[in-house]
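Me: I have a two-chain model open and would like to learn how to read it. Please take me through the features one at a time.

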Amino acid sequence: MIETMFGALFNLVSTPHIMGLMLIAVVCGLLVGVMPGIGGKLSIAMAIPFVYGMDMVAGAVFLLTLHAVNGTSGQISSIMFGIPGDGDDAATTLDGYPLAKQGQAARALGASITASGVGGIIGAVVFAIMIPVLEPVILMFSPAEFFLIALLGISFIAFLASGSKIVKGLIVGFYGLILSTIGMDPITGTPRYAGDMLFLWDGVSLVTAVLAMFAVPEMLSLATKGGSISAVSMDKAFSYRQLLSGVMEVPRHWWLVIRTSVIGAIIGMIPGLGGSTAAWLCYGHAVQSSKTPERFGKGAIEGVIAPETASNGKEGGSLLPTLFFGIPGSSGMAVLLGAFLILGIQPGATMVTKHLDLVWTLIWALVVGNLIAVGILLVSCRWIAVLTFVNGRVLVPFILIFVTIGCFVSDVQWQNLVVLVLFSILGYGFQRAGWPRSPFVIGLVLGGQAEASLHQALQLWGYSFFLRPLSLVLISMIVGLMAYAFYRNFRPGKSHASVELNT
Amino acid sequence: MNMHSIRKAVAGAATFAAIAATPAMAQEGADFFNGKTVNYIVATAPGGGYDTNARLVAEFMQKYLPGSTFVVQNMPGAGHLIGANYVYASEPDGLTFGTFNTGLIYGQLAGDPAIKFDLGNMSWIGKVASDPRVMVVTKDSGIDSFEQLAASKEPVKFASAGVGSASTIETTMLVKALNLPVEIISGYNGGDDQLAMRRGEVQGIIASRSSFQDFVNEGNAKIIAQIGGSETDVPQLSALVGDKPDAQKVIALVASQSNISRLTAGPAGIPEDRLKALRDAYAKATTDPEFLKKAESLGLPVDPKVGDDVATVVKAALDQTPEIVSVLQETLKKD
C-alpha cells in the first residue's frame, strides 16, 4: 500500500511530459475558471478532443487537474468584483467583496487561494482514507437524507440573516424557494409557471440568478457611486505583506479549515447532492460556529475560507463514486467520466484491485495540481488585484459584458438574458433597500433538491422515512440549529450582537 | 495568392478527394459542403452518452465531407424538446441537423402540445445504435424470473427517471399493459438508479441494456427479460407475456424505439442531393474502423442504419392504433 502510494507520486513528478501537461492543465483551468458561467464541466467537454491521442495516465491527470483547479480561480472575480462564477462562488462573495472594498483584496485573495489549495489537498486525503469504507458510507445516504440535508442548508438562513433582518431574510429565502418551483413538476411531470417557455422547464438558470443577484447590483452601485472598488488607495493597500497575512489566516483557522474541507469532501462524495450545497453549508457552518457572527457579510476572513475549502475539498470527494461505481458525484464528474472511458479507464470495483496505482496517481495529481495552482495565483494575483483600484466607471462596462456573456454561455438560451435583466432589477432593489440576498440563492439552490428528494422519500417509505436512523440524526441537527438560532436572536440584552448582513 | 485562387485550390483538392471517395451521384451534394460550416445540435448538456456519441459522429462525418467544418452545439433542456424543436425549425439547407432522444416519439403520438415537430417528416440521416431494453431486478429482491415478478403478491418497486422522460413512459406503459405488480418510483437521474438499487430502496428497473450490462456483470442484479436486440442470453419479453394483443403492441412499440437509438436527423425538406451526401458521409463515418474503435472504448453500442431505413422504422412506429395512442395518453396524463 505505502509502496504503491509513494511510487505513484514518484512516477508522477519524475515524468516530465506528465508534469508539463499538468502545468498546461493548471494554467488553462485557472484561465477558464476566471470567466463566470464557464464551469469545470464545459472546460472538460472542450478539452476532450485533445486527450484522444494521450495515454491513459497522462490524459486522466490532465483532465482531472483541469477540472480541479477550475474552482480555484473563480474566487478571484468573486472577491474583487463580487461576481461569482457559479453557485459555489456566490458564498465567497459575501465576505470577499466587502474585504476588497476595504482595500484588503490581497488579504482576502491570500486567504482564499491558500484555503482552496489546502481544501483540495484535504479532499484528496479524505479520498484516500475513504477508499476502504466508501461503499457503506455512500449507501447510507438515500433520498430521505438528501431531503434532510437540503433542509439543514435552508435552515442556515436563520444564521445568515438574523437579528433585525430575520424577517427580511425569511421573506427573501422563501422568495428563492418559490422560484425554485419553476420548471417541471417532479410529481406530475407538468411544467409549472413555465407554460410554453421551454427554457424554464429545467428551472431558473442558477448562474443567471446568481449573477443577477450579486454581480449586477454591485456593478450598478459602483457605477453610480463612482470611484474604484477599493476605498483605500493603491499604494497603501496592496502589499505582499498583506497577501502573506491572508495566507497566514488559513493556519490560524486550522480547525475550521479541516472541518469545512471534510464536510465538502463528504458532500462531494454523495451523488445527488449538488456541489453548491457544500459551499453554502460550510459558509453557514462558519457563521453559526463563530463567536462573533456579526462580522460576517462585512468582511470576515472565515467567510472566505469556509466556502473555498469546501468547494475544492468536494473535488476529491466527488472523484470517489465516479471511479469506483462509475456514478459521477457532480455534473463536472459526469463529463470527466465520459472522458475516462475514452482513455480506456473502466470505472468500477476493479479500480482498487487492479488499478490502485492509477488511483494514487490521480490523488497525487489533485494534491500537486492544487499546489501549483496556489503558487501561480499567489504570484500573479498582484496584477489582478490592481483592477480593484481602477476607476469603476472604466471597469463596469467591461464587467457587465463579461457577466452577460457568462450568463449566455452557461445555458445558450437568449431568454436567460431577459431573466438576467429582470432579476438584476430585483437584486439592485434588494441591495438599495438593504435586504440580504444570500437567502435567495440558498432557497433557489436547495429548494428544488428538497422537493424532488422529499417526493422520492415519500414514494418509497411514506412518512416513516423520518424514522430512519440517519434521518433522526439529521433531524436532531436541524432542531438543535433552530433552537440555537432562536437563543442567539432572542436572548435578552444581547440584541446588539445580531448579524447584520450587507450582502 | 488571392483568396479566390486559394478557394479554388482548396475546392479542387476537395473535389478530387470527393471523386476518389464517393460515387459520382453524390458529387453535387458533397461539393455543396465544401467550405461550409455545419451545426450539429445535441439536445443534451455536454457529457454523457448522447453528447459523446454526437461528437464522435460529427468528427467522422466531417472527415467524409471534405472541406466542411462541423460545430457541435449543445442545446439542452426540457427533456430534449428544445434541441429537437430547434432542429425542426431550422433552415432545411443541410447545414443544421442533430441528435435527440428517440423517446420523443411517445410525446408526438400522445399529441404533446410542446412538440413543434413531426418525426415522420424529418430528413433522417441515420442512427448509430440499437439499444435493447432490459428488465433488471436486484439480487436482494429474491426474484429470479419474469414469471416470479408477475406473480409477486407485494408490489415491487421499480426506479425510473423523471416523470415525462422516455424511461418513465416506457416503464409505465409496460407495467400497465402487462398488468405487473410494480410500483414506479420516478426521479432517479443519471446513475442514481443504480445507487438506489444498491441501497435496496428499489428492486428493479426497465432500462437500456448498455447502461446496465456492467452493473449486472458485477453481480448486483439479474436481467430477467429483454425487448428488442439480437442477444439470445435472456428471453424476449414478447415471448413471456403470451397472447395478449395490447401487451404485444406496447412491447413492439418499445422494441421499435430501441432499434433507432442515437439518431441523426435534420429538418424536413433538405434538398435530395445534399441529403444523399449527408447519408453517404454518415454511412462511411459509422463504418470507419477508427470510429468503431473509439465507440468501443466508450462503450457505445454500434449498429448503424442509414437514411430511408431509419425513416421507415420511424414512420412505422408513428402508425399506432387508437388503443395504443390512448394507452400513451393515459400514461402521459397529468394527474
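Me: How many residues of chain A are in contact with chain B?

Reply: Two residues are in contact if their C-beta atoms, placed from the backbone, lie within 7 Å. By that rule 35 residues of chain A meet 31 residues of chain B. Elements of chain A that each supply at least two residues to this side are α3 (40-51), α18 (331-342) and α23 (438-461). Helices (H or I, at least four residues) and strands (E, at least two) are DSSP runs, numbered from the N terminus. The side of chain A that touches chain B has 20 nonpolar, 12 polar and three charged residues. In that count Ala, Val, Leu, Ile, Met, Phe, Trp, Tyr, Cys and Pro are nonpolar, Asp, Glu, Lys and Arg are charged, and the others, Gly among them, are polar.

Me: What should I know about the model and its numbering?

Reply: This is a predicted model, in which local features need pLDDT of at least 70 and side-chain atom pairs count only at pLDDT 80 or more, while totals for chains, interfaces and linings use all residues. Residues are numbered from 1 along each chain as its sequence is written, and chains are lettered from A and ligands numbered from 1 in the order in which they are written.

Me: What are the make-up and the buried share of each chain?

Reply: A residue is buried if 20 or more other C-beta atoms lie within 10 Å of its own, exposed if 12 or fewer, and partly exposed in between, with C-beta atoms placed from the backbone. Chain A has 24 helices and two strands, and 60% of its 503 residues are buried. Chain B has 15 helices and 11 strands, and 54% of its 335 residues are buried.

Me: Which residues touch the most other members of the largest nonpolar core?

Reply: In general, nonpolar side chains tend to be buried together in soluble globular proteins. A nonpolar core is a set of buried Ala, Val, Leu, Ile, Met, Phe, Trp, Tyr and Cys residues joined through C-beta atoms within 7 Å. The largest one here has 255 residues, and those touching the most other members are M22(A), L63(A), I79(A), L109(A), L211(A) and M61(B). Helix α20 (residues 356-385) of chain A gives the most to this core, 15 residues. In chain B, domain 1 (3-130 + 260-327) and domain 2 (133-256) both contribute, so the core lies between them. Those domain bounds come from an automatic or database domain assignment. Setting aside neighbours within four places in sequence, L109(A) has contacts that include I76(A), I79(A) and C381(A).

Me: How far apart are the two domains of chain B, and how many residues join them?

Reply: Their C-alpha centres lie 30 Å apart. In the contact between them, 15 residues of domain 1 of chain B meet 15 residues of domain 2 of chain B. On the domain 1 side, α14 (308-318) and α15 (322-332) of chain B are the elements that give two or more residues. A316(B) lies in helix α14 of chain B and is partly exposed, because 13 other C-beta atoms lie within 10 Å.

Me: What is the strand order in the open sheet of chain B?

Reply: Strands of a sheet pair through backbone hydrogen bonds, either parallel or antiparallel. Here two strands count as paired if DSSP finds at least two bridges between them. The open sheet of five strands has the order β7-β6-β8-β5-β9 (chain B), with mixed pairing. Its edge strands are β7 (182-185) and β9 (221-227) of chain B, each pairing on one side only. β6 (residues 156-159) and β8 (residues 204-208) of chain B run parallel, joined by two bridges, and F158(B) has G204(B) as its bridge partner in β8(B). β5(B) runs antiparallel to β8(B), with five bridges, and antiparallel to β9(B), with six.

Me: Are the faces of β5(B) covered or open?

Reply: In a regular strand the side chains alternate between the two faces of the sheet. In β5(B) both faces are covered: R133(B), M135(B) and V137(B) are buried on one side, and V134(B), V136(B) and T138(B) on the other.

Me: Is G427(A) buried or exposed?

Reply: G427(A), in helix α22 (residues 415-433) of chain A, is buried, because 25 other C-beta atoms lie within 10 Å. G427(A) and P217(A) are 210 residues apart in sequence but 6.0 Å apart in space, C-alpha to C-alpha.
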